[in-house]
Amino acid sequence: MNKLIWGYGVFLLIFTVFSYLFIDGNFPPLHTLYTGFHTSHRELITSLYFIFISIHFLFYIIFFRTKNFLSSTRLKKLIILTVGILIFSYSAMLSFDVFNYTTTSKVLFFYKENPYVTMPIEINDSFLQYTRASNKVALYGPLWIVLTGFPYAIAQNNVLLLLFSMKILVTTFYLGTGYVIWKFSKNIRTTALFLLNPLVVIETLIASHNDVVMIFFALGAFYMLFKKKLVYGFILFLSSVLIKYATIFLLPVFLWVVWKNVRKEAVNWNWIFFLSTVCMSIIFFSSPLREELYPWYFIWVLPFVLLSQSKNIIRLSLIFSYALILRYLPAMYTGDYFGITPIMRSIITLMISVAGMVVFYVDKKFLFKIALFLKKLP
Amino acid sequence: MKFFISVLLLLAYLFINTSVNAAFSDHVLPYPPQMPGGYIYKLRVIGEKIQKIWSFGSFSQFSYNLKLADKYLVQAKTLFEYKQYLLGYESLKESDLFFKEAITSLDKAKIEKKDISQKKIILKSASLKHIEELNTLQMVLPEEINWIPEKTASTKLLLRNAIKNSLEIRKLIYE
């Protein structure tokens, strides 16, 4: 058992080193570590990424398939290991969003400008070298921008420190989300399914995406309703919407629970989480209408899927996690976000999802046949 | 003699042409906004006050003030066209105020050690456009007018003086 944990630790360590092969040449603090490897060895980097992600998912499956492996202590060990190692990974490995966070934070807290009015490009600062959305006003909710004040207070104008303190902020909410899932489910497996999911781990602990912050507040709001604390529930729900707006789609479900609470009627929480899954799936699957189906958007759906306790949907969502995290492959290989890349991305997601479902179906039939065979044995 | 006249004409053409180019500006003024006299206008003014609070920070304030200077100039121009001299006069004064505020915002940004070079280009371009519009107005507006409203006392409006004053404010940035 311990070998498995150590193996996982070594894997995470290698993956952390791997993340530094993606350093942006225009990011001044890490310029000395820049190798340009991800642009000069595209085939190799794409293959390595595919292998690493597959290994990560393999570990994930083994954790759940190994009998009596997942205990409270082991889960804590695994989480400490995951957080403790990946906190040192390079955040902009797969997405440059973290630079948008740090830049928006600097626009507000250093330049004292309203980031919803003033674009970073209007301010001549070194952040323009590596910020991708510099020609846009703030994209995120006001509460998120206020929260980034904490990392800014720690790091001030040290961009590298700001990058890592941003990661600490997001990690805190990742752990918080795990805690709320645990409080709701009282189930180690459900909590572990979220906290150890490679998509969640990579998009949160490496890429520092703020989606987990939004989900923490949304789950917290439902938990407050569960505890019959309506006012706190409303505050947390509003906080969630003010992080990234997407959870506004949960409003009908939220109000329904409030209504049930007011009428002092019993609430079927599995049903509530199933409805929440449906609501968040609508906004998730309609994201290509606005931009595209970003892998980290699945964090909007996953916690509700896990809490709905619907086994088939959980398995499908795990297959989908794998399909989504591999969407980076085409851009990694071509170095281009246009042309054939978007089509390839869709093909990858579709193919893996379909293949996963077929395997899942065959697996079920196969397991059923084995069970029958075993029953016939004397 | 013919040669001399030709050279003179050419020089005159070049001079006129250059002066036209010098006044040309890429700055685009907005569509005429809601005009005074209705509830929607009152709502617009309330919206502007909220926007002022929202636009904190010297650069944000600069964008806000310049946007409103443009808006009120277009409003003044439209009102003058419809011979609403008193309202036009007041709108012009508002535009002047916002333009001055835009300059102040930029001065504040300079004190805060922000790079104002791009904003200065924007302000100069806007000022050229404003001067262009004000020159046109100066040509068509009467020197002064005695504005007699329906129920209140009459007001003497020194329109040309007002335009002259507005032009001077727009030229402040060149000092």
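This is a predicted model: local features need pLDDT of at least 70, side-chain atom pairs count only at pLDDT 80 or more; totals for chains, interfaces and linings use all residues.
Mentor: Residues are numbered from 1 along each chain as its sequence is written, and chains are lettered from A and ligands numbered from 1 in the order in which they are written.

Trainee: Why is H3(B) called roughly antiparallel to H4(B)?

Mentor: The axes of H3 (residues 58-81) and H4 (residues 85-111) of chain B come within 7 Å and cross at roughly 160°. Angles over 145 degrees count as roughly antiparallel, so H3(B) is roughly antiparallel to H4(B).

Trainee: What makes H5(A) roughly perpendicular to H8(A)?

Mentor: H5 (residues 97-109) and H8 (residues 159-185) of chain A pack at an angle of about 110°, with their axes 10 Å apart. The range for roughly perpendicular is 65 to 115 degrees, and therefore H5(A) is roughly perpendicular to H8(A).

Trainee: Which residues of H5(A) and H8(A) meet?

Mentor: A:Val98, A:Tyr101 and A:Thr102 in H5(A) meet A:Val159, A:Leu162, A:Leu163 and A:Met166 in H8(A). Contact requires C-beta atoms, placed from the backbone, within 7 Å. By class, this contact has six nonpolar, one polar and no charged residues.

Trainee: How many residues does each chain give to the contact of chain B with chain A?

Mentor: Chain B gives 10 residues and chain A gives nine residues. On the side of chain B, H3(B) gives the most, with three residues.

Terms used: Axes are lines fitted to C-alpha atoms, for helices over the stretch in contact, and angles run from 0 to 180 degrees between N-to-C directions. Helices (H or I, at least four residues) and strands (E, at least two) are DSSP runs, numbered from the N terminus. Angles under 35 degrees count as roughly parallel, over 145 as roughly antiparallel, 65 to 115 as roughly perpendicular and the rest as oblique. Two residues are in contact if their C-beta atoms, placed from the backbone, lie within 7 Å. Ala, Val, Leu, Ile, Met, Phe, Trp, Tyr, Cys and Pro count as nonpolar, Asp, Glu, Lys and Arg as charged, and the others, Gly among them, as polar.
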